[in-house]
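User: I'm new to reading protein models and could use a hand. Can we go through one together?
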Amino acid sequence: MISEEQQDQAALYILGLLEPHEAAAFESELDANAELRDIAREFSEAAGAMALTAPSRTPPASLKQQIMREIGAKTEERTVVPLRRAPVGWVPWAIAAGLAVFCGLLVLDRVRLERQLADIRAADPLMQTTFFTLAPSAPAPVDSKATVAWQPGRQSGVIRISNLPAPQPGKDYQLWAVDAEHKDPISAGVVRVDKNGVAQIRFKPVEKAEHVKAFAISLEREGGVPKKEGPILLVGTT
Amino acid sequence: MAETSTAQQMMDQEMIARIGRRDQDAFSTLYARLSGPLYSLAMKMLGDSAEAQDALQDVFLQIWSRAGTYDSDQSSVFSWAVLLTRSRVIDRLRARGRRLRIVAGPTEEEEHGGTTDASIVESAADTAEKSDETARVRYVLTNLPSEQREAIEMAFFEHLTHHEIAARLEQPLGTIKARIRRGLLKLRERLRT
């Protein structure tokens, strides 16, 4: 049974009104809940119908021609020169047999490589690190950015921020981990930038975050808050 | 379309599948069917024909390149295209950092004296069917409780957040969320009948 709160979220999601971290959390909920997907589809159809209430207009014919030219050009770019047909009957069979053997070898090679990669990952901390690139959301300066290096195994990470001006007095920036298994973003602490708008900080979320989908920075009350209240300034996935 | 027959939805899905295989004829057919409503939406939200044409071009190029990612379990082709258009329009509005203008301009018929664009070739039956559908959606929307219609229109066309709508209407946030939810549910339910 879908609660009214879930239905509210579905309606806001379809209308694009959720904050990025809320949308990410809702999407993971959608993945796991068929009933919720059904209601989201219903809302999507209702929202789609809204377009028909706009006053009727027709685009100029020249626009269609322009678009058709563009897709024609894109198609040509992708066109691959076909292989010449083999002139003799047995040659295709020989090629097919050769390819089959080659594919078998590739599969064996892939299995071996995957094993080696798993060994390397286990031994090298860098291989256990996931990188997230955070881009500015509406209230943040367009050139502000941040990168997070996150190690799920250690439940800790490092964030580097640049071009983010210091917040006004009484406010702080706060880092959040958006985890697929938590309804709300998990606080990863307050982050303070220097006078150049730069910070490099090691952090650890206050709760275990094993399925982090995104990190986000919001503007909050000084000292931080247990649950996100303020606007998201930077957000990003892997 | 959201309110169209299953047969029409199946035809749309077939067109999208063919577009995914780089079929330009299918693309042309889908353009003929969708460009009017999508352009009308872009015009209502942007209020500028040049910008609306740019947005429509973006949308159709996306349809061409992303047809393979369309998921019929999530929405009909029409709703997918509408939400794609709305998203591109909102990107443009944000990028230009300007206030949204809602234009209640003249209709196509008023503007062009009843003529239609030569690029859109529709049978009389198609046109009549589309007019019926449009009239029905407008009727259903008009007959929603006014507070629900108002909240949905502000969210959909003006892209106001639920927080902004609550502030503008001086209502609690929960009330606005409920109005949007109930309005959309009612809209869907009535369009089905």
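User: How many residues does the contact take from chain A and from chain B?

Analyst: Keep in mind that this is a predicted model. As a general idea, the size of an interface is often given as the accessible area lost when the parts come together. Here we can go by residues: chain A gives 38 residues and chain B gives 56 residues.

User: Which helices of chain A each supply at least two residues of the side that touches chain B?

Analyst: Those are helix 1 (4–14), helix 3 (34–50) and helix 4 (61–78) of chain A. Sort the residues on that side of chain A by class and you get 21 nonpolar, ten polar and seven charged.

User: What order do the elements of chain A run in, from the N terminus on?

Analyst: They go α-α-α-α-α-β-β-β-β-β-β-β-β, so by the DSSP runs we count five helices and eight strands in chain A. Chain A has 238 residues, and 32% of them count as buried.

User: Now for chain B: at what angle do helix 7 and helix 9 pack?

Analyst: Helix 7 (residues 146–156) and helix 9 (residues 173–192) of chain B pack at about 95°, and their axes are 8 Å apart. Angles of 65 to 115 degrees count as roughly perpendicular, so that's the word for helix 7 and helix 9 of chain B.

User: Which residues make that contact between helix 7 and helix 9 of chain B?

Analyst: Among them are Ala151(B), Ile152(B) and Ala155(B) from helix 7 of chain B, with Ile176(B), Ile180(B) and Leu184(B) from helix 9 of chain B. By class, this helix 7 and helix 9 contact in chain B has six nonpolar, two polar and five charged residues.

Definitions and conventions: Residues are numbered from 1 along each chain as its sequence is written. Chains are lettered from A and ligands numbered from 1 in the order in which they are written. This is a predicted model: local features need pLDDT of at least 70, side-chain atom pairs count only at pLDDT 80 or more; totals for chains, interfaces and linings use all residues. Two residues are in contact if their C-beta atoms, placed from the backbone, lie within 7 Å. Helices (H or I, at least four residues) and strands (E, at least two) are DSSP runs, numbered from the N terminus. Ala, Val, Leu, Ile, Met, Phe, Trp, Tyr, Cys and Pro count as nonpolar, Asp, Glu, Lys and Arg as charged, and the others, Gly among them, as polar. A residue is buried if 20 or more other C-beta atoms lie within 10 Å of its own, exposed if 12 or fewer, and partly exposed in between; C-beta atoms are placed from the backbone. Axes are lines fitted to C-alpha atoms, for helices over the stretch in contact, and angles run from 0 to 180 degrees between N-to-C directions. Angles under 35 degrees count as roughly parallel, over 145 as roughly antiparallel, 65 to 115 as roughly perpendicular and the rest as oblique.
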